[in-house]
Every structure is written in C-alpha cells, then in structure tokens.
Amino acid sequence: MPIIEVNNINKDFMVAKRETGFLGSVRSLFKREFIKKEAVKDISFSIEKGEMVGYIGPNGAGKSTTIKMLTGILVPSSGTIKVNGIVPYEQRQKNASNIGVVFGQRTQLWWDLPTIESFELLKEIYQVSDARYKQNMEIYQEILGLDEFLNTPVRQLSLGQRMRADIAASLLHDPPILFLDEPTIGLDVVAKEKMRTFIQEINRERKVTVILTTHDMEDIEKLCNRMVLIDHGQKVYDGDISAVKERFGKIRTLVVDVENGEATFDIVGAEVVKREANRVWLQFNRDEISASELIGRITQTHSIKDLTVEEPAIESIISRIYQEGFEEKLVSV
Amino acid sequence: MFRMKLYWTFTKKAFLRSAVYRFDVLSRMGSNLIFLLMWGSIWTALYAGKESADGVTFQAMLTYIVVSQFLSGINGAGTPLWDMQEKVRTGDIALELMRPFDVPLRYLFADFGSVAFYFMFALLPVYILVFLFIDLTLPMSWETWVLFLITAFIGFLIRYCIEMSFSFLSFFLVETGGIVDIFYFAMSLLSGSVIPLWFFPDWLEKLAIYMPFQGIYYIPTSIFIGKITGVEIAFSIATQIFWLLVCYGILRFVWHKASQKVVVQGG
Ligand SMILES: Nc1ncnc2c1ncn2[C@@H]1O[C@H](COP(=O)(O)OP(=O)(O)OP(=O)(O)O)[C@@H](O)[C@H]1O
Ligand SMILES: [Mg+2]
C-alpha cells in the first residue's frame with residue numbers, strides 16, 4: 001500500500017484584484033474583486049514506502065503549495081490526500097507526528113533560542129524518549145556536525161548551519177516521511193554535498209520516504225530515482241529519471257574547436273546552438289547522425305583542433321522541457 | 001488531552017530566553033519607572049495637598065498608581081502585540097499550525113515564563129524598594145492579599161485573550177494601525193490603569209464598568225487599596241470571570257477563523 005496517496009487535487013487561491021488609480025482604490029474599499037489563481041491543477045501520484053521522489057518544476061509551478069497540502073497547513077480545493085493513512089488537513093496534529101518538514105526558505109527553529117534549546121523543545125513537543133533523543137542527537141551531530149553551533153542562537157547561524165539544524169530538527173521524532181522544500185537552497189558546494197549524503201543515509205538506513213523539491217538538478221540526479229515534474233500546476237511527467245534521460249538523451253552535443261569561429265555548418269541532423277570564440281556547440285540527434293559520422297562530415301570542410309561529445313545532463317533536459325513543454329519534446333525527438 | 005509538561009517546557013524556554021535579553025528587561029523596567037514617576041507626580045499635583053478626594057486619601061491614590069504600574073509591568077512582559085502581528089505577517093504562526101500543540105495556549109505558557117523572569121529579576125526587587133521608601137498603604141488582612149492575587153491573575157488572562165484576539169485580527173486586515181490604536185487606548189484609559197474609574201465622568205464610568213478592560217487593572221488595584229470591599233468584591237470577581245469567559249470565547253473564535261483562513265487561503 002502506498003504511504004502517500006494524492007488523488008486529483010486542486011488548489012485555487014482567491015487573489016484580490018488590484019484596482020489602479022484613485023477611483024479604483026476607492027471602489028476596492030467597498031467591493032473587492034477576486035481572481036481565481038489555480039496553483040495546483042488535478043495532480044495525482046502515489047508514493048511507496050522508502051521511495052525518494054524529486055518534485056520539480058519551474059518557479060511558481062505549485063511545488064510548495066503541494067507540500068503544504070501534504071503537511072496539512074493548506075486544504076486542497078478538491079481532491080483527496082492520504083499521508084500514512086491520515087488525511088493531513090483533518091488530523092493536522094496527528095499527521096505532524098508522522099512527518100518531518102524542512103522549508104529551506106525559512107527556519108522552523110525558535111529564532112532567538114540557542115539551537116540546542118530548540119531541539120529540547122521539539123523533544124517535548126513530539127514526546128521523544130530520552131534514549132531515542134540521545135541516540136538521534138549523537139548520529140546527527142556526527143553526520144551534520146552540529147557540535148560547532150549547538151549553543152549559538154539560531155538567528156546567528158550561517159545559512160548552511162541553519163539548514164543542517166533544521167533538517168536534524170525535522171527528524172528528531174523519527175518520522176517515516178520527510179518533506180524537503182528546497183533543502184539545498186543557498187548552500188555552497190560542500191554543504192550541498194553534506195546535505196545530500198545525509199538525506200541519502202536517512203533514506204537508506206531508516207527507510208524514510210522522502211519528497212524533495214529543488215531547483216538544483218544535481219540533487220535530483222544524486223538522490224532520486226523517480227521524479228515528478230510539474231509546470232503551471234499540472235503534472236507533466238512522473239517516472240524514472242533514467243527514462244527521461246533515455247527519452248531525451250538522444251540529443252547530444254558535440255563541442256569542437258575550429259580555426260574559424262564563424263564557420264558555417266550545413267549538416268543534416270545537427271545544428272549550431274552556441275558559439276564562443278573558436279569553439280562551436282553542435283547539437284545532434286543520435287538517431288539521425290552518429291557522432292563519428294558528424295565528426296567526419298565536419299573534417300571535410302573544417303580542421304578540428306579539439307573536440308568533446310557531451311552527454312545530456314538532466315539539467316539541460318529539464319530546462320528544455322520547461323521551455324518547450326514535455327509533450328512537444330516527445331513528438332519532436 | 002492537555003499536555004501540561006509540553007506547555008511547561010514553553011514556560012521554561014521563555015524564561016531562559018528572557019535571561020538572554022537582559023538589556024531588554026532593564027530598559028523595560030526603566031520605562032516602567034519613568035511612567036510611575038510621571039503619574040505619581042501628576043496625581044501629587046492634582047491632589048495639591050488635599051487629604052482626600054472622592055473618599056480616597058492621597059496615600060491610597062499614590063498606592064493605586066504604584067500597584068497598577070506594577071501590574072502593567074506584569075501585563076507588558078509577554079509577547080507584545082506588534083511581535084505577534086509580525087509573526088502573523090511572516091507566516092511563522094501559520095507554520096505552527098503544523099505542530100501538535102494549541103497555538104494560543106502555547107503563547108500563554110511562554111508568556112508565563114517571560115513574566116516570571118521579569119517579575120523575579122526586575123519588578124519585585126524594584127517595587128519592594130518603592131514600598132520601602134514611599135509611604136504607601138498595604139492591605140491589612142491576608143484575605144485582601146489573596147483576593148488581590150486572584151483578581152490580578154484573572155485580569156492577566158483577560159488581557160491576554162484580548163491582546164491575542166487583536167493580534168489574530170491581523171490575519172484579516174491589510175493595515176493594522178487602527179486596530180493597534182484602539183487596543184492601546186482601551187488598555188490605558190478604560191482599564192483604569194492611570195485614572196481610577198471613580199474619577200471618570202459618569203457616562204464614561206458607566207461605559208468602562210460594562211467593559212472587560214477594568215478587570216485588568218481597576219479591579220485588582222482597587223481591592224488592594226481597599227476601595228472595593230465586602231460584597232462588592234464578589235461582584236467584581238464575578239464580572240471578571242464573566243469577561244474572561246467572553247474574551248476567551250472571542251479568542252477561540254478569532255483563532256478558529258484565522259487558522260481556517262490560513263489553511264484555505266494560505267495566510
Ligand atoms: N497564499 C497564496 N495566495 C495566492 N497565491 C498563491 C499563494 N501561495 C502561492 N500562490 C501562487 O500559487 C502558485 C504556486 O506557488 P508555489 O509557491 O507552490 O510555487 P513553487 O513551485 O513552490 O515555486 P518556487 O520554485 O518559486 O518555490 C504561484 O503562482 C503563487 O503565486
Ligand atoms: Mg516553493
């Protein structure tokens with residue numbers, strides 16, 4: 001049985017329409033017009049225990065809105081949600097004990113208490129036993145290196161430290177489910193790596209089910225097998241990451257250094273996508289022309305000084321989908 | 001199920017938090033004393049050497065001001081209105097919906113902690129000195145002391161309910177300046193914190209008597225100086241309890257509506 005079940009959920013926000021001009025603002029004092037903003041449209045998915053799912057989409061796609069519905073702090077306008085057998089917004093407090101949540105954009109720790117005090121409060125809030133608390137703290141301190149700032153008030157922590165504290169805090173009560181809304185936002189490369197290792201470990205060792213939103217495709221690539229891609233509130237893809245790669249992976253890029261950067265290439269199945277000094281990026285479809293064939297064609301007219309073939313990174317695939325839409329790509333590739 | 005231990009933890013943490021903000025405590029104590037000095041001088045000038053006015057001796061009047069200023073120290077030591085509004089604005093409160101505790105209660109217990117700290121390390125020592133050095137009236141019987149403590153505590157709860165309700169109103173309003181003004185006006189005038197109700201013009205006294213605010217300062221302070229006695233005390237406490245229940249009901253209602261709004265409209 002899936003641990004998270006989401007069926008045809010919608011979330012509409014009523015946004016007050018802003019009237020312009022003096023008369024407009026006077027009018028809006030008496031009668032306000034509202035526009036319906038559909039943040040999430042008819043989304044369904046189900047997630048099995050122990051899965052780690054990347055929930056991605058461009059800005060404003062509806063990711064945070066979905067996460068908030070899963071935590072129970074937003075009620076869907078329609079549709080049903082079950083998280084560990086519970087309807088989140090009906091039993092918000094009971095749901096709370098099943099989930100850990102990190103909103104990367106804001107801390108949930110108590111701003112002006114030393115970090116350790118926040119942990120102690122959470123221990124009490126979630127009724128974590130002394131033994132369990134001690135054990136968890138030891139593990140988190142080791143992997144996340146909390147020691148160095150446990151006695152520092154949260155407001156004085158650096159972003160990376162705060163994020164580490166936040167994720168440790170979200171897991172103090174051993175929730176079977178973890179929601180991470182941009183857990184690596186603003187972190188440096190090393191901190192990101194640490195965060196990923198930690199998430200991976202938690203998922204592997206404790207079978208914690210993880211839903212993760214991010215704008216860093218490396219997070220997805222390193223952590224998730226499955227991704228749910230949404231755009232404008234709608235689900236556009238749900239499945240294996242490798243399948244996406246497979247589907248779109250036929251597009252490769254050949255980077256060549258030639259003598260004349262302005263040189264033209266007239267080769268069927270390949271097109272110039274970028275130029276920089278004497279370096280040219282040629283995108284080609286593996287089904288239409290092989291790399292060696294392409295190189296052969298180029299050497300007929302130009303002398304190549306250096307070359308590399310780039311595999312498509314998931315990042316560039318996603319950005320193409322964002323820009324061009326998913327369906328289109330399916331057809332054209 | 002009421003989880004006392006959990007709420008008690010909030011009290012302890014808030015107590016510790018106050019210890020971190022010692023300067024805050026000091027400056028609050030400073031301004032409390034300045035107000036005391038100001039109102040003490042005003043009333044000294046108003047009495048202008050007269051023994052008594054409206055059956056209240058000068059000494060009793062001075063005591064009234066000292067005690068109500070002390071209570072205002074207590075009532076001002078919790079999470080202030082603007083701070084709560086800030087929490088509403090930033091969405092911190094909305095996130096607390098996700099926690100397994102009751103938000104209004106959680107802040108009440110946290111306030112107990114801040115108040116306890118302020119009381120122990122600022123108000124109590126300072127006001128003991130005030131009572132030692134100024135000739136003031138102290139209640140003669142222990143019953144009066146007990147009744148004072150009870151009514152002061154009920155008054156604290158009434159104020160808490162009203163202030164929290166006002167804070168949560170900011171979930172519904174874009175601009176909250178007006179709301180805040182109304183609150184502070186009622187809090188300082190209608191509560192009798194600086195002018196006892198018996199000096200009000202008739203119509204205003206009638207108005208104030210029928211409002212909840214007098215339960216915060218006027219009732220406990222008047223009991224302290226012996227202006228309210230006998231059966232009147234019972235009546236005053238009944239009034240206080242009535243208003244506490246009403247204000248608590250209002251707080252619950254506003255909070256219910258506010259959390260409803262958060263979960264439907266996203267804050
Ligand atoms: N409380 C709200 N009231 C009105 N509109 C809202 C509210 N919350 C979100 N929206 C709108 O709903 C849409 C989805 O927002 P959401 O925060 O879920 O996006 P997101 O996918 O998390 O984006 P990002 O990557 O920028 O975090 C946006 O257009 C946003 O403006
Ligand atoms: Mg978001």
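A polar contact is a pair of N or O atoms within 3.5 Å; within protein, one atom must be able to donate a hydrogen and the other to accept it, and residues adjacent in sequence count only if both atoms are side-chain atoms. Keep that in mind for the first stop.

This is a predicted model, where local features need pLDDT of at least 70, side-chain atom pairs count only at pLDDT 80 or more, and totals for chains, interfaces and linings use all residues. Residues are numbered from 1 along each chain as its sequence is written, chains are lettered from A and ligands numbered from 1 in the order in which they are written, and side-chain values use heavy atoms, with hydrogens and water left out.

**Stop 1: ligand 1**

Select ligand 1. Show the residues near it (a heavy atom within 4 Å). There are 16 of them, and the closest are A:Gly60, A:Lys63, A:Ser64, A:Thr65 and A:His215. Colour by chain. The site is shared, because residues from chains A and B surround ligand 1.

Now pick B:Gln265. One of its backbone N or O atoms lies 3.2 Å from a nitrogen atom of ligand 1. Move to A:Lys63. A polar atom of its side chain is 2.7 Å from an oxygen atom of the ligand. At A:His215, a side-chain N or O atom is 2.7 Å from an oxygen atom of ligand 1. On its own, ligand 1 has 630 Å² of accessible area (Shrake-Rupley method, 1.4 Å probe), and the protein covers 71% of this.

Which helix gives the largest share of the shell around ligand 1? Helix 2 of chain A, with three residues. Helices (H or I, at least four residues) and strands (E, at least two) are DSSP runs, numbered from the N terminus.

**Stop 2: the sheet in chain A**

Select chain A. Six strands make an open, mixed sheet in the order 5-6-7-3-8-9. Two strands pair if DSSP finds at least two bridges between them. Strand 5 (99-103) and strand 9 (234-240) are the edges, each pairing on one side only.

Zoom in on residues 52-56 and 209-213 of chain A. These are strand 3 and strand 7, parallel over four bridges.

**Stop 3: chain B**

Switch to chain B and select residues 58-77. The unreviewed UniProt entry annotates this stretch as a transmembrane region; such annotations may be inferred rather than shown by experiment. Here the chain is 90% helix, and the end C-alpha atoms are 29 Å apart. Next, select residues 107-133. This stretch is 100% helix, with its end C-alpha atoms 36 Å apart.
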